[in-house]
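Here is a briefing on one protein chain. Please look over the sequence and the model before reading on.

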Amino acid sequence: MPAVRAWLLLLMLSPALATAELLRLVADPWPPFNDQRLPGKGLASDLVEQALARAGYTTSYVEVPWERAVLGLKRGDYDVLINAWYSADRTEYGYFSQPYLVNRIRFMRRKGSDIQFETLADLYPHSIAVVRGYAYSRDFDSDPQLLKVGVGSFEIAARMLHAGRVQLALEDELVARHLLGRKLSAIRDELEFLPQPLSENGLHILVRRSLVQHRDIARRFDAAIQAMSDDGSYAATLQRHSP
């Protein structure tokens, strides 16, 4: 009997056990970072799934609208939100990894517009389309004098901007360029970026805090990303997803 107990304990502590642990991943469709129609489901999805596999986890993956993804993480429908920017309120229900990508957030305007941006006060006279539920930067998110118009996606924001219903739109530069080269190609030449970005935001996984092992999942993910950087597979993944 002691030998059986020892064998069971060894099995429980074995790294092989982690390979049987399923993490339910969720993201909102956010090409080129997350999109089931793209190779590897997009750059961010590809990196995260590779890293978690290295860390010893099996994963499932779904894409739902952002607000549903956040609600599902809070309710325990999902274990890991894989495309989250840091905000203090999210630490109440989730545990952040270290950033594994950086998003450069930029304003867009209609060509011919004279809108300039150096400080947030420069934006007070202008309406700005923002995706509901997104955290852009602490100062921007908390400034009550900014006229923000909530929308469901950047595609909607860009079309509203083109139609003159808002004066600015805000999005990650790679996301905007991806969509302007595809779904929004008809209006691409009529919109332009403002020179100065609003912010550069780290992209993290957000692990459901109600998981007992949430810290360990984030720690092992961080270590796997570092290992991928060291052996060249991180750079190779970036190259595969480059335009």
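How many of the 243 residues of the protein chain count as buried? The share is 48%, where buried means under 20% relative accessible area, exposed means over 50%, and partly exposed lies in between (1.4 Å probe, protein chains only). This is a predicted model: local features need pLDDT of at least 70, side-chain atom pairs count only at pLDDT 80 or more, and totals for chains, interfaces and linings use all residues. Residues are numbered from 1 along each chain as its sequence is written, and side-chain values use heavy atoms, with hydrogens and water left out.

**Overall build**

- The protein chain has 8 helices and 10 strands. Helices (H or I, at least four residues) and strands (E, at least two) are DSSP runs, numbered from the N terminus.
- Along the principal axes, the C-alpha atoms fill a box of roughly 80 × 35 × 25 Å.
- Contact means heavy atoms within 4.5 Å. Among contacts with a separation of 6 or more, 73% join residues 24 or more positions apart.
- UniProt lists residues 35-241 as "domain: Solute-binding protein family 3/N-terminal", in an unreviewed entry. UniProt positions are given in the numbering used here, feature names are shortened, and annotations may be inferred rather than shown by experiment.
- Over residues 35-241 the chain is 34% helix and 26% strand. The end C-alpha atoms of that stretch are 12 Å apart.

**Nonpolar core**

- The largest nonpolar core has 77 residues. Such a core is a set of buried Ala, Val, Leu, Ile, Met, Phe, Trp, Tyr and Cys residues joined through side-chain atoms within 4.5 Å.
- Tyr100, Phe107, Tyr136 and Phe140 touch the most other members of this core.
- Beyond four places in sequence, Phe140 touches Phe107, Leu120, Ile128, Val130, Leu146, Lys148, Leu170 and Leu198.
- Tyr136 sits in the loop between β6 (127-131) and α4 (138-142). Tyr136 counts as buried because its relative accessibility is 3%.
- Contacts of Tyr136 beyond four places in sequence include Trp85, Ile105, Asp141, Leu170 and Asn201.
- Tyr136 and Glu200 are 64 residues apart along the chain, yet their C-alpha atoms are separated by 9.0 Å.
- In soluble globular proteins, nonpolar side chains tend to be buried together.

**Helix α6**

- Helix α6 spans residues 173-180. Why is α6 described as largely enclosed by the rest of the structure? The reason is that 6 of its 8 residues are buried.
- Those buried residues are Glu173, Val175, Ala176, His178, Leu179 and Leu180.
- Their cover includes β5 (101-110), α5 (154-163), β8 (168-172) and β9 (191-193).

**Cavity**

- The structure holds 1 cavity of 30 Å³ or more. On a 1 Å grid over the protein atoms alone, a cavity is a set of points where a 1.4 Å probe fits but cannot get out; lining residues have an atom within 4 Å of a point.
- The largest cavity has a volume of about 70 Å³. Grid points are joined across faces, edges and corners, and a volume is the space filled by probe spheres set on the points.
- Its lining consists of Asp28, Trp30, Trp66, Asn83, Ala84, Trp85, Arg90, Tyr134 and Ala135.
- Strand β3 (residues 80-85) gives the most to this lining, with 3 residues.
- The lining divides into 6 nonpolar, 1 polar and 2 charged residues. Ala, Val, Leu, Ile, Met, Phe, Trp, Tyr, Cys and Pro count as nonpolar, Asp, Glu, Lys and Arg as charged, and the others, Gly among them, as polar.

**Backbone points to check**

- Most residues other than glycine have a negative phi, and most peptide bonds are trans.
- Pro31 and Pro32 are joined by a cis peptide bond, with omega about 10°. Pro32 lies in the loop between β1 (22-27) and α2 (43-54).
- Lys41 has a positive phi, near 65°. Lys41 is also in the loop between β1 and α2, and counts as partly exposed at 27% relative accessibility.

**Two loop arginines**

- Arg132 is in the loop between β6 and α4. Arg132 is partly exposed, at 41% relative accessible area.
- Beyond four places in sequence, Arg132 touches Trp66, Glu67, Gly150, Val151 and Gly152.
- Arg188 is in the loop between α6 and β9. Arg188 is partly exposed, at 40%.
- Beyond four places in sequence, Arg188 is in contact with Leu180 and Gly181.

Conventions:
1 Å grid on protein atoms, 1.4 Å probe; cavity = no way out; pocket = protein on both sides within 12 Å on 5 of 7 lines; lining within 4 Å.
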